[in-house]
Amino acid sequence: MRIYKVIWLGIFTLISMQAHSEQTPSRHTSGHFKVLVGSCLHQDKAQPIWQPMLQEQADLFMLLGDNVYGDTEDMAELEGKYKKQWSKPGMQKMLATTPTIGMWDDHDFGQNDGGKEYPQKEASRQVMLDYFNEPKNSVRRTRPDGIYTSYFYGEAPNRVQVIMPDLRWQRDALKHVSRIEYTLKKKPNNQGPYLPHTDASKKMLSDAQWQWLTTELKKPADVRILASSLQLLPEFSGWESWANFPQERQQLLNLLDQFAINNLVIVSGDTHWSEMSQITRKNGQPLWEMTSSGLTEEWKQVSPNKHRVGHSFSKANYGILDIQFADGATKVIMSVKDEKGEVKIQQAISLR
């Protein structure tokens, strides 16, 4: 196992894969920036989806969580699952040709729907960051409250910021309905077993991470991508989402208003179905979210979402953000494509 890691890390250290906000930004300067988005990737399943993804020839690939299905406190087992996934020919080619960044969700964190109580989170983060080729001196390896990070690509007026919060490390326990209520009321309506917290002290993000996020939103950028492992805008799924912590969801929306952030789009994973969601902010501007899930995982009972625009898609899929800069106007075409590369959902938006 260790020999394999040394060889793999040695190969991919030669490839410029990441541009941390704490380090030197990349120098992408064209008027066009294409981002691939994916989540929910099971190492034991067939993965034909790599072929159309590789044909996209994207500038960046983002994995939003459940990048392997670990679900263990045994780090040798977790590392073995990463090794199996990272050995897939399609993924190897993606890593070799496309800058790749990632955030974890629950299954690669190590515990289904897990939060701060997971006992192996320190060891788990080192395994994950090794496979994402994170430098040994990266702050992500030592932050006391998670692996959150940001990246910049390009130069003004085409500068793209990617913000990746960590929704696992400090997250308090979820609020459950009773087993009987779930069986009789929520499950028949395709909803999960969770309820929004009414206790404002229950949180996903630490105070330090909120301070970091505030600082990131103040940095100059022409387009911002908030890459969330969980859905942010949808409110009624009953599964894991920002809606289970409504005070924090509103806190984030308030920050966007406070700093007049009108150039931000949201991408998310986790659900095993894909959709576009949109709300109207206090300033009248629309805020969009593209959920792309999963690369291998599928779900048949799609939950209700009053913010959904159009239809959902619950077969294997990946997402694309096609960012187009032209004369001060920015257009983003958000697309969800299936494992054949066919468009299933698409939405074009303009950013100010």
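Student: What is the mean pLDDT of the protein chain?
Tutor: Of the residues in the protein chain, 91% reach a pLDDT of 70 or more, where pLDDT is the predictor's confidence in each residue, from 0 to 100. This is a predicted model, in which local features need pLDDT of at least 70, side-chain atom pairs count only at pLDDT 80 or more, and totals for chains, interfaces and linings use all residues. Residues are numbered from 1 along each chain as its sequence is written, and side-chain values use heavy atoms, with hydrogens and water left out. The mean pLDDT of the chain is 92.

Student: How many contacts does the stretch of residues 1-27 have in the model, beyond near neighbours in sequence?
Tutor: Over residues 1-27 the pLDDT is below 50. With contact defined as heavy atoms within 4.5 Å, the number for this stretch beyond near neighbours in sequence is 73.

Student: Is helix α8 roughly parallel or roughly antiparallel to helix α9?
Tutor: Helices (H or I, at least four residues) and strands (E, at least two) are DSSP runs numbered from the N terminus, and axes are lines fitted to C-alpha atoms, for helices over the stretch in contact, with angles from 0 to 180 degrees between N-to-C directions. Helix α8 (residues 207-218) packs against helix α9 (residues 246-258) at an angle of about 25°, their axes being 10 Å apart. Angles under 35 degrees count as roughly parallel, over 145 as roughly antiparallel, 65 to 115 as roughly perpendicular and the rest as oblique, so the relation of α8 to α9 is roughly parallel.

Student: How many nonpolar residues does the contact of α8 with α9 have?
Tutor: On the α8 side W210, L213, T214 and L217 take part, meeting E248, Q251, L252, L255 and L256 in α9. Ala, Val, Leu, Ile, Met, Phe, Trp, Tyr, Cys and Pro count as nonpolar, Asp, Glu, Lys and Arg as charged, and the others, Gly among them, as polar. By these classes the contact has 2 polar and 1 charged residues, and the number of nonpolar ones is 6.

Student: Which strands are the edge strands of the 7-strand open sheet?
Tutor: The order in this sheet is β4-β5-β8-β9-β11-β10-β12, with mixed pairing, and two strands pair if DSSP finds at least two bridges between them. Strands that pair on one side only are the edges, here β4 (149-153) and β12 (308-313).

Student: What is the bridge partner of A227 in β9?
Tutor: Strand β8 (residues 223-228) and strand β9 (residues 264-268) run parallel and are joined by 5 bridges. Within β9, the residue bridged to A227 is V267.

Student: What is the bridge partner of L321 in β14?
Tutor: An open sheet of 6 strands, also of mixed pairing, has the order β3-β2-β1-β13-β14-β15. In it, strand β13 (residues 317-326) and strand β14 (residues 329-338) run antiparallel and are joined by 10 bridges. The partner of L321 in β14 is M334.

Student: Where does P157 lie, the residue joined to A156 by a cis peptide bond?
Tutor: Most residues other than glycine have a negative phi, and most peptide bonds are trans. The bond from A156 to P157 is cis, with omega near 10°. P157 is placed in the loop between β4 and β5.

Student: What is the phi of D71?
Tutor: D71 is found in the loop between β2 (60-63) and α3 (75-86). Its phi is positive although D71 is a residue other than glycine, with a value near 50°.
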